[in-house]
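Hi everyone, thanks for making time this morning. Let me put the model up on the screen, and then we can walk through a few of its features together.

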Amino acid sequence: MKSELHYIYRSFNLKKMDHKVFNLIDEELQRQRFGIELIASENFTSQAVLDAMGTCLTNKYAEGYPGRRYYGGCEIVDQIEQLAIDRLKELFGAEYANVQPHSGAQANAAVFLAVLKPGDNILGFDLSHGGHLSHGSTVNYSGKVYKPHFYGVSRETGVIDMDVVEKKAHEVKPKLIICGASAYARDWDYARFRSIANDVGALLLADIAHPAGLIATGLLNDPMQHCHIVTSTTHKTLRGPRGGLIMMGKNFENPFGLKTKKGSLRKMSGILNSGVFPGMQGGPLEHVIAAKAVAFGEALQPAYKEYCKQVMKNAQTMAEVLVERGYNIVSGGTSNHLMLIDLRNKGVSGRDAENALGRAGITVNKNMVPFDDKSPMITSGLRIGTPAITTRGLDEKACQKIVGYMDDVIMDIGNEKRQQAIHEEVKGMMKNFPLY
Ligand SMILES: *Cc1c(COP(=O)(O)O)cnc(C)c1O
């Protein structure tokens, strides 16, 4: 089936000018349209977000910040970037916002560059327990330049043990403590993290890349009240373009040893801004920043909160049906938009499950489970999330059906005929939920 690509591609005549690239984009559109997308970090932006990205703003150099640029001709992009900043501040109740980071990892790197010195101790959530590689993994910038230490989940409960975090913090005296994860299904006790950070004289960073949308709409605990700095991506639950951001809330309390509250906000803003540019990046992507402004505007609408509620309901439903069908979920369930399935009792690896589900039109990612005995390329788990399917319009009933498909595939993992048959059913199902 040939698609009707939207005006971005039509009006710029991509099809005529470069049919190879056009056709590949079209193939990807078909893949997205007719598959069930359960990758917890993915979502589908609105057409308006796509439209803003595919514009002439990509042509503009704008190093610096609104009103203070190193290039002429920035009068219009200044207004666009300021709009993005203002909407983001409103969305999270932030006092400071920087919308220039090209990605979540860049946002974190910029914060580290701004507030740490090479060799400083940092304390983050263990990658193999669900953390993110930009929080001190040895293969990442953060783990090469700074001295990483980690806390993890308890083996019994699958939940972070705050007493262990406290002990570890007193042991290693980190300059920076990071809360936030890529595969953790429970909420965060930011207040307790802050009290630990205060005890050891650390700065507290919350990386809310995954649950940002659920936090903005008040459905999860609010890090802005407790953390010195908050970073996020814009493309996960927040449903914007691929990118990053940095914020500060009201609670500064002199994290840099600065004197007055007012002065400290100005000074901290400057320090963080310099971390992004010129510290970590050159020119900002103003076309992406325009798309961020659009996405933040969408997230400020009441409909977005309804969407986020449905994301959580759908995740609850999937977790319940999985448990009914004998699957183990790390921490026993979910309080947010994702869950980690431990497949060890099913005798199937994460890699094999990911491949088989892929053949059935269901996209997931294999994932280490805490205390995994398999390698990161094999793994014992699957991470699944509901932001993308919820954007498509799927409800609890559809989620029950999807878990049924998944169980059928996993319990008969070698049966490719079955997988193909399910793939046809999946295509039929997703036809009813149009995308672009
Ligand atoms: C996804 C994620 C990031 C990184 O985002 P990129 O845009 O891929 O660089 C950072 N931190 C956490 C916790 C994430 O889940």
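Predicted model: local features only at pLDDT ≥ 70, side-chain atom pairs only at ≥ 80, totals over all residues.

Let's start with strand β12 (residues 338-342) and strand β15 (residues 381-385), which pair in the antiparallel sense over five bridges. By pairing I mean that DSSP finds at least two bridges between two strands, and the helices (H or I, at least four residues) and strands (E, at least two) are DSSP runs, numbered from the N terminus.

Residues are numbered from 1 along each chain as its sequence is written, and side-chain values use heavy atoms, with hydrogens and water left out.

Back to the sheet. It is open, has four strands in the order β11-β12-β15-β14, and its pairing is antiparallel. At the edges sit β11 (328-329) and β14, each pairing on one side only. Helix α14 (residues 350-359) packs on this sheet and touches β14 and β15, where contact means heavy atoms within 4.5 Å. The direction of α14 makes about 45° with that of β15; angles run from 0 to 180 degrees between N-to-C directions, and axes are lines fitted to C-alpha atoms, for helices over the stretch in contact.

In the loop between β11 and β12 you will find S331. Its phi is near 75°, a positive value in a residue other than glycine. Most residues other than glycine have a negative phi, and most peptide bonds are trans. P278 is found in helix α11 (residues 261-280).

Now to a helix pair. The axes of α5 (residues 75-92) and α12 (residues 286-299) come within 8 Å and cross at roughly 35°. On the α5 side, the contact includes V77, I80 and L88, and on the α12 side, I289, V294 and F296 are among the residues. By class, this contact has eleven nonpolar, one polar and three charged residues. Here Ala, Val, Leu, Ile, Met, Phe, Trp, Tyr, Cys and Pro count as nonpolar, Asp, Glu, Lys and Arg as charged, and the others, Gly among them, as polar.
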